[in-house]
Amino acid sequence: MVLNEYIIGEKSMKQIILATKNKNKLVEVKAVLGNDYEVLSMEDIGIDVDVEENGTTFEENATIKAEAICKICGKPVMADDSGLEIDYLDKKPGVLSARFLGHDTSYDIKNAKILEMLEDVPEEKRTARFVCSIAVAFPDRDTVVVRDTIEGIIGYESAGENGFDPIFYVPELKKTTAQLSMEEKNKISHRGKALVKMANRLKDMNL
């Protein structure tokens, strides 16, 4: 594989590669790290590979992906893994969130199925959380991993759009995460909080 020349020359700002093809995630990471790092996508540096995430935890999956891409490009690489844990369902779908009922199944169907599985379950037993683990792998030092969450409950109906967000209700805000503005969501979301935590870790380590 031949990497794009984009990363070959000397840069005044430290570079970090984001191991994702999700452009919205790239925007989110740049918003947090953009003042300290030049955040590049896999597409920017000419990498087009799919890494099998076969770990049993969010931390393992994020680490697998970050280290695999780091070996290819020789640059610091950030990857994340996230999902929904529902306590009544023994923390399922968990690391299998993206594959719940199949990759190609719409989230309308997935959300309807979860609501069906929790039918007649009282509010105090509908507790759930979104989890995000972020790993940054380096070519010359140990991988750094952080984790954060947002706590809530599974609502009784779907409200809004975007993944599992329409059924994830935050009692303090009286909204599902799908009903939050992007600014509101970034402040409290599992990924937003994990990104800030990682940014602080990197600063503390002078990386």
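Predicted model: local features only at pLDDT ≥ 70, side-chain atom pairs only at ≥ 80, totals over all residues.

Guide: Residues are numbered from 1 along each chain as its sequence is written, and side-chain values use heavy atoms, with hydrogens and water left out.

Visitor: Why is Lys65 called buried?

Guide: Buried means under 20% relative accessible area, exposed over 50% and partly exposed in between, with a 1.4 Å probe and protein chains only; Lys65 has a relative accessible area of 13%, so Lys65 counts as buried. Lys65 lies in helix α2, a helix being a DSSP run (H or I) of at least four residues and a strand a run (E) of at least two, numbered from the N terminus.

Visitor: What does Lys65 touch?

Guide: Contact means heavy atoms within 4.5 Å, and, not counting residues up to four places away in sequence, Lys65 touches Ala19, Val51, Glu53, Ala79 and Asp80.

Visitor: Which residues of helix α3 are buried?

Guide: In α3, residues 107-117, the buried ones are Lys110, Asn111, Ile114 and Leu115.

Visitor: How do you know that the buried residues of α3 line one face?

Guide: The arc is taken from the directions from the helix axis to the C-beta atoms; seen down the axis of α3, the buried residues fall within an arc of 135 degrees, so they line one face of the helix. Their cover includes β3 (77-86) and β6 (144-154).
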